[in-house]
Amino acid sequence: MSAFDAAAYLSDELVERIRSRASAVDAENRFPDEDLAELRDAGYLAILVPRELGGAGLGLAEASILQQRLATAAPATALAINMHLVWTGVAKVFGDRGIPGLEFVQRGTVAGEMFAFGISEAGNDLVLFGSDTAAVPQPEGGYAFTGTKIFTSLGPVWTQLGLHGLDTTSPDGPQMVYAFVPRTEAVTTRDDWDTVGMRGTQSRTTELHGAVAPADRVVRRVAPGPNPDPIVFGIFSVFEILLASVYTGVARRALDLAVETAKKRTSKKTGLAYSDDPDIRWRIAEMALAYDALLPQIASLAGDIDAQVEHGALWFAKLSGLKHRAVVAAKQIVDEAMLVAGGSSYFTRSELSRLYRDVLAGMFHPSDPESAHSTVAAAWLGPVSG
């Protein structure tokens with residue numbers, strides 16, 4: 001089997017153009033509109049859409065490689081695009097398993113729609129298993145959503161928001177409702193994204209004031225709490241894989257910059273190039289050891305999702321563990337790269353400075369460290385007794 005050619009979908013020239021804009025996007029705290037326009041023109045938004053529907057027909061394993069590549073150029077752009085790719089990835093999970101309901105995501109993507117991810121809520125550590133957003137049934141089968149979502153990446157540009165809410169009024173309630181609402185006057189996107197890093201994602205707060213999802217955009221109704229439903233598995237699996245991919249891409253860029261710097265710098269004390277200094281060599285080797293361990297982990301789990309491998313109750317532990325390890329390793333690698341580069345990396349003009357700030361966002365995405373450890377402990381030890 002021939003190796004996957006990532007450059008066929010994300011050319012070297014496009015990667016360099018995106019990289020050249022990343023610093024200004026960060027400094028100006030704005031959305032990378034130019035990146036989005038070029039990625040759309042390249043067909044990148046539809047990489048997970050089947051060929052017969054007009055997409056590239058790639059698997060999650062291939063999309064992961066592409067997202068790693070994009071993140072080496074601009075982590076914030078990659079993270080923002082991630083949230084659109086999550087929904088196309090969930091549509092692929094459904095389609096691969098013969099489950100209907102998300103074909104409109106695939107067709108909409110090809111037609112130019114941008115799908116955003118509206119799940120996170122302030123103080124809601126249940127994440128997929130609960131919601132503070134009210135989902136009120138409408139006469140013709142739709143739902144009206146009222147509540148506040150945070151960290152809504154693609155804030156200025158999305159056209160459809162995939163979200164969840166809690167239906168407490170139906171006879172079979174409470175039920176979690178997963179649906180999509182368009183951008184209308186019932187949706188307010190706050191201009192409140194002013195963060196340490198990942199500034200280009202423009203992951204703004206979204207207020208829902210009775211935003212209506214029509215009946216054909218209500219995808220799933222499931223019981224609250226841990227649930228094996230395909231919508232929960234689809235979101236969790238694709239989300240964790242693509243997050244791990246972005247932060248692995250950040251790690252790769254930091255490693256490359258550290259190697260580049262070590263070859264350029266010379267010690268005044270020893271006269272040796274930093275690349276010949278045993279301490280620097282050890283530090284870079286430590287970075288490479290951590291980075292190399294991530295690649296087969298991501299490839300294996302992403303491939304298992306594509307191949308519909310069954311891991312049963314261990315799936316959530318494997319996925320949350322992967323995301324956790326990728327973020328921890330990426331942060332370690334960026335820390336080490338900063339030390340290799342020296343004091344110049346502390347200036348905001350340094351790309352490493354931006355990577356240092358960007359990588360911090362990883363700890364806030366689900367699964368956070370506490371959730372990941374709780375999930376893995378439950379998988380191996382069972383639930384807490386009493």
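Which residues in helix 3 meet which residues in helix 4? Select both helices and look: Leu60, Gln67, Leu70, Ala71 and Ala73 from helix 3 meet a set in helix 4 that includes Pro75, Ile81, Leu85 and Lys92. Contact here is heavy atoms within 4.5 Å, and helices are DSSP runs of H or I with at least four residues, numbered from the N terminus.

A word before moving on: this is a predicted model, where local features need pLDDT of at least 70, side-chain atom pairs count only at pLDDT 80 or more, and totals for chains, interfaces and linings use all residues. Residues are numbered from 1 along each chain as its sequence is written, and side-chain values use heavy atoms, with hydrogens and water left out.

Stay with that pair. The axes of helix 3 and helix 4 (lines fitted to C-alpha atoms over the stretch in contact, with angles from 0 to 180 degrees between N-to-C directions) come within 8 Å and cross at roughly 165°.

Next, select residues 278-306, which form helix 7. At 1.5 Å a residue, its 29 residues should span 42 Å, and the end C-alpha atoms are 43 Å apart, which agrees; the expected span is 1.5 Å times one less than the number of residues. Color Ile280, Ile284, Met287 and Tyr291, which are among the buried residues of helix 7; buried means under 20% relative accessible area with a 1.4 Å probe, protein chains only. Now show what covers them: the cover includes helix 3 (60-73), helix 4 (75-96), helix 6 (230-264) and helix 8 (315-341).

Zoom to the ends of helix 7. At the N-terminal end, Asp277 is the cap, with a side-chain oxygen 2.8 Å from the backbone nitrogen of Asp279. Just after the helix, Gln308 takes a positive phi of about 60°.

Bring in helix 8: its axis and that of helix 7 come within 9 Å and cross at roughly 155°. That makes helix 7 roughly antiparallel to helix 8.

While you're in helix 8, click Gly321. Gly321 is buried, with a relative accessible area of 6%.

Last stop: Gln106, in helix 5 (residues 103-110). Is Gln106 buried or exposed? Gln106 counts as buried, at 7% relative accessibility. Leaving out residues up to four places away in sequence, Gln106 touches Val49, Pro50, Leu53, Ala91 and Lys92.

Definitions and conventions: Helices (H or I, at least four residues) and strands (E, at least two) are DSSP runs, numbered from the N terminus. Buried means under 20% relative accessible area, exposed over 50%, partly exposed in between (1.4 Å probe, protein chains only). A polar contact is a pair of N or O atoms within 3.5 Å; within protein, one must be able to donate a hydrogen and the other to accept it, and residues adjacent in sequence count only if both atoms are side-chain atoms. Angles under 35 degrees count as roughly parallel, over 145 as roughly antiparallel, 65 to 115 as roughly perpendicular and the rest as oblique.
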